[in-house]
Amino acid sequence: MARFSPPQAYWHIRQRKRRARPFWVAAEAVGFYDFTNAIYSSGSVSVANASGGLVDDLAGNWSFAPPNTLRRSNKGLLIEPSRTNSIRNSTMQGAAAPSTDPTNWSNLTGTANGITGSVVGTGTEGALAYVDVRFQGTAVASAGRIIRFEPTTQIVAALGETWTVSSFWSLVAGSPGSSSVRAYVQEANAAGTTLANQQGGALLLTVGPLGARRCAVTRTLSNGSVARVAPSANLVFTAGETYDYTVRIGVPQAEIGAAASSPIPTTASAATRSADSVIVVLPAGTGSIRYTFDDDTTQTVSAAAGSYLIPIPARPSVRYLQALP
Amino acid sequence: MIDVLLFYPDRDAAMADLSDYAISYGGVTLPLWPEPGVIQGAFAFEPRVYVLTGNVVTHTDEETGATIEEPERSYLAWHYVWLTLPERDPDLEARASFGLCADRQAFEAGEPDFVRAAGFTPEQLGASYIEPILFGTRYPFGTSV
């Protein structure tokens, strides 16, 4: 690898963006695409995406990209397959202080296990809708509070499907003590009776951008009687501990896939985000392309010169693309 | 952008009717079915359509004890394909499978005639809910048209 001699325009822009990360290009590269700065060595970059979608930046802020536009930020270019958020109300429609759950949700407010949940308010942080909820009281048992985003009878599912359930959580006020939250997914039969469940790793409740704090769990449905999947979050309390804190909950999502994708806001119905079909014009001499992702890992796939549809990559956020011989 | 809904007896019929369908974009042609059973997710997906029966169903969560009442749904026994296109396609609108054609910008601008052509009556559109919807669209199908 050797440092690429950038064209003059590239050099000027890099001078203005002193904080931008250096972009190292292989000496043999015949072209490059710096999506963090929207600088391309040749040709154009275009996208087909009928729905548009959300894109996050390095700070965890989410914004909306209109249909047929690149979902690009300082984190890179987001390239995802089509996904459906099966949670009908991920924007907390119907929530009201102090004790009205969002439509279709349950167990967010009211008293359980000695802890009372109260809606404080709703709003948006960037493109993420949220509800602020205060939890206070002394836990009478070490147990979780299952906050349902849909009834267990709602989302139709089938044996062998892989589902990912996720939601965003941040601390607004108070101290959560030992409390934490885990994404929670259940397999159920058509009547909504639970057959199996699984929860993800604990997400500590901390102050900061909501969009950078997401809990998730992935499960491949394995019970022969499964007909529904139930997405929830499990807010955990410790017996005898007294709590008084307020959390911000944003855009829960239940989707078929092995990892959480960008959030899909919904209001009254499940919604599908279109795939990103990104097309670049690769220069003559191209034999492969190398992705550099937001975590600095790379992936190389074969490609040819001319208009080229970029395959869905191993990671969704692509920082750079190099065209190689 | 133009949103088009087509309907078929089953998925095989949809794949057969649209076997050669594609859109060209950025110098590349995107086939509707890149491989059998896999629809082109950049401009198409396969929703379901339901109507409300007028009954109410009650669910009691065995774990949380919560009770939720919801209108009962009846899903229509068709296979639907939703396409989003840059402009109207007379060929699609002439097919027996044509359901409706809606202009997204016209709807967002408040134009009352945003449904440019329909194989359904206004009453049917007003009673039929599409699920899932395409993210970003807010057509009032199922509520009032």
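**Note on the predicted two-chain model**

1. Buried residues account for 46% of the 145 residues in chain B. The model is a predicted one, and every value below is computed from it. The secondary structure of chain B consists of four helices and eleven strands. Its C-alpha trace spans about 55 × 35 × 30 Å along the principal axes. Of the contacts in chain B between residues at least 6 apart in sequence, 59% join residues at least 24 apart.

2. Chain B contains an open sheet of five strands, in the order S4-S7-S1-S8-S9, with antiparallel pairing. The edges are strand S4 (44-45) and strand S9 (115-118) of chain B; each has a single partner strand, so one side of each is left without a neighbour in the sheet.

3. Within chain B, strand S1 (residues 2-8) and strand S8 (residues 98-103) pair in the antiparallel sense, over five bridges.

4. Chain A has one helix and 26 strands. Along the principal axes, the C-alpha atoms of chain A fill a box of roughly 65 × 45 × 30 Å. Buried residues make up 54% of the 325 residues in chain A. For contacts in chain A between residues at least 6 apart in sequence, the share joining residues at least 24 apart is 70%.

5. One residue of chain A deserves a separate entry. A:Gln322 lies in strand S26 (residues 317-324) of chain A. Is A:Gln322 buried or exposed? A:Gln322 is buried, because its relative accessible area is 2%, and the cut-off for buried is under 20%.

6. Turning to the interface, 44 residues of chain A are in contact with 29 residues of chain B. The area buried between chain A and chain B is about 2700 Å², and carbon and sulfur atoms give 58% of it. On the side of chain A, three residues, A:Ala50, A:Thr272 and A:Ile279, supply 18% of the area that chain A buries against chain B, more than any other three residues.

7. How many salt bridges are counted between chain A and chain B? The count is three. One salt bridge joins A:Arg148 to B:Glu63, with the closest N and O atoms 3.2 Å apart. Between chain A and chain B there are also 14 residue pairs in polar contact, both residues being at pLDDT 80 or more.

8. Several strands of chain A give two or more residues to the side that touches chain B, among them strand S3 (45-48), strand S12 (143-148), strand S21 (271-273) and strand S22 (277-282). By class, that side of chain A has 19 nonpolar, 22 polar and three charged residues.

9. S21(A) is joined by two bridges to strand S11 (residues 133-134) of chain B, and the two strands run parallel. A:Thr272 stands opposite B:Leu134 in S11(B). A:Thr272 is also one of the three residues of chain A named above for their share of the buried area.

Definitions and conventions:
Residues are numbered from 1 along each chain as its sequence is written. Chains are lettered from A and ligands numbered from 1 in the order in which they are written. This is a predicted model: local features need pLDDT of at least 70, side-chain atom pairs count only at pLDDT 80 or more; totals for chains, interfaces and linings use all residues. Side-chain values use heavy atoms; hydrogens and water are left out. Contact means heavy atoms within 4.5 Å. Buried area is the accessible area (1.4 Å probe) that two parts lose on being put together, summed over both. A salt bridge is a side-chain nitrogen of Lys or Arg within 4 Å of a carboxyl oxygen of Asp or Glu. A polar contact is a pair of N or O atoms within 3.5 Å; within protein, one must be able to donate a hydrogen and the other to accept it, and residues adjacent in sequence count only if both atoms are side-chain atoms. Ala, Val, Leu, Ile, Met, Phe, Trp, Tyr, Cys and Pro count as nonpolar, Asp, Glu, Lys and Arg as charged, and the others, Gly among them, as polar. Two strands pair if DSSP finds at least two bridges between them. Buried means under 20% relative accessible area, exposed over 50%, partly exposed in between (1.4 Å probe, protein chains only).
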